[in-house]
Amino acid sequence: MTASVLKPLSPYPVASIREAAFVSLPLMLASISGGLMYFIDRIVLAHYSLTAMNTVAAAGIVAWLFQYAIIGITSVSEVFVGRHNGAKRYHLLAEPIWQMIWFCAASTLLFIPMGQFAAPYLIPELYHEDGIPFFRLLMFTAPLFMTIPALAGFFIAQGKTRMVMYAAVLSNVLNIVLDFMLIFGVPALMIPEMGVHGAAIATVIAQSLNVAILFWCFLSAEMREKYGTGNVVWRPEVIKECLRVGVPTSVSHTLELLALSVQLHLLAHMGDDYVTVMTIGHTVYILLSFFTEGIQKGGMAIISNLIGAQAYKLISKCLLATMRLHLCIVCLAAIPLVIFPEQTLSLLVDFGEVPASPHLKEYLRYALILIWCYFLIDGLVWALWSVFTAAGDTIAAMFMNIPCIWLCTIVPIQYFVIEQQGSPHLIWLINLFYTTVLFGIYLLYYCCGRWRTHLSEENPILLLEDHSFAK
């Protein structure tokens, strides 16, 4: 099979920047489903109380640590659906989705006990009062939310990204409305002021709407007839193959979030300026990350289809297209972060109400520039990661990432920021150093071509034939 008979995911040339944009742009909006919800929560809470915002940051990062451990696996459904779609094995498209749904259901056995018993040990003592209830609610409902990437992968891998976008936009509109109502309260409607707890409830309700919309579309009459989505199946061999690709991705992302959580724990003893710079910076990055995630998922969908169609020569072309698309987004991001940082900061923090040092604004201004640089390099890292994931070479990528996370972030922060009492904005300079080193390592690995050894039909991790599912 060649690229000439490849089923296109867009009206544009295969693996072109226009195809990457066509597939990725709706996914950028869809990625808001997670990132923008937490961003809005933090911004609203920042105007409600700086302590409330820091509480959500501290508790939220720990909750994401466990959620992303599963999301890193369930999101792999996109890779396998893409391969089957590229190979025109349409009758197998729904099976990886159902396996990931069962996997999410089984994760309840982990999340409920963790939420109930581990919260006091995982949340910094300073934020126990509101942080523990916030953490528990997110953990108890996590398995439901983690079906979103599994269901979304079914549509993304076929290029039907607008469906995912519509579900995300509707759920985010609901989240924004509920945030203002539940955090501040609406006395006229007898809704009490709930602060941090209200932000958690708003997120849960909004994400539940997202799941409901995707599930309804997945089980529609058209999808049941064309792809057999109504055939509820349990295939242990399929879950095994998904885990082989997904677990290294999960471990890598989980340890990255763990490093971020450790950073917050270290900085919690340094004063409000340090925690605020870290929290505001991470909030900005969350908002930017939906661009990165959208491009990464779009690129992975295209590359997975190319692999399914054995059109391997177009993989490099697709990688360059996704990188060029990312650079266009980075140029736009320079406007609020580099050119107009003062105006951006005024939207994020009410400095008149912040009981902090007079140097906080200056620290944050430097941090915004460093975050823009971090965003530039991090997007290139994710573009390379999409190639490795689609090719099934996630184990090598994981072993390259893990030492970088700890040696290039935690150790420098401990020495330069904690021991040497460095300026708060050094936190983001260190994070920039980490992602730059990782990009260099990934680029060398990509150029050496070792990942190409996985491009073989005999490799069960890469291509699942019909007999791998139907027995």
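Start at the second largest cavity, whose lining has five nonpolar, three polar and two charged residues by class. In this sorting, Ala, Val, Leu, Ile, Met, Phe, Trp, Tyr, Cys and Pro are nonpolar, Asp, Glu, Lys and Arg are charged, and the others, Gly among them, are polar. To see the lining, select Ser-252, His-253, Glu-256, Asp-378, Val-381, Trp-382, Trp-385, Asn-401, Leu-438 and Tyr-442. The space inside is about 60 Å³.

Before you go on, a word on the model. It is a predicted one, in which local features need pLDDT of at least 70 and side-chain atom pairs count only at pLDDT 80 or more, while totals for chains, interfaces and linings use all residues. Residues are numbered from 1 along each chain as its sequence is written, and side-chain values use heavy atoms, leaving out hydrogens and water.

How are such spaces found? Rolling a probe the size of a water molecule over the atoms shows where empty space is left. On a 1 Å grid over the protein atoms alone, a cavity is a set of points where a 1.4 Å probe fits but cannot get out; a pocket is an open set with protein on both sides within 12 Å along at least five of seven lines; and lining residues have an atom within 4 Å of a point. Grid points are joined across faces, edges and corners, and a volume is the space filled by probe spheres set on the points.

**Next, select α17 (360-390).** This helix gives the most to the lining of the second largest cavity, with four residues. Helices here are DSSP runs (H or I, at least four residues; strands are E, at least two), numbered from the N terminus. Ala-383 is found in α17. Is Ala-383 buried or exposed? Ala-383 is buried, at a relative accessible area of 5%. Buried means under 20% relative accessible area, exposed over 50%, and partly exposed in between (1.4 Å probe, protein chains only). Setting aside neighbours within four places in sequence, Ala-383 is in contact with Leu-319, Thr-322 and Met-323; contact means heavy atoms within 4.5 Å.

**Now move to α13 (236-267).** Along with α17 and α19 (426-448), α13 gives two or more residues to the lining of the second largest cavity. Pick Gln-263, found in helix α13. Gln-263 counts as buried at 2% relative accessibility. Beyond residues up to four places away in sequence, Gln-263 touches Met-278, Thr-409, Ile-410, Ile-413, Ile-427 and Asn-431.

**Then visit the largest pocket.** About 240 Å³ of space lies there. Of its 13 lining residues, the closest to the centre are Leu-287, Leu-288, Ala-333, Pro-336 and Leu-337. Which element gives the largest share of the lining? That is α15, with five residues. By class, the lining of the largest pocket divides into twelve nonpolar, one polar and no charged residues.

**Last, compare two backbone spots.** Most residues other than glycine have a negative phi. Select Ala-15, in the segment before α1 (17-30): its phi is positive, near 65°. Ala-15 is buried, with a relative accessible area of 1%. Then jump to Gln-421, in the loop between α18 (394-419) and α19. Gln-421 also has a positive phi, about 55°, although it is not a glycine. At 54% relative accessibility, Gln-421 counts as exposed.
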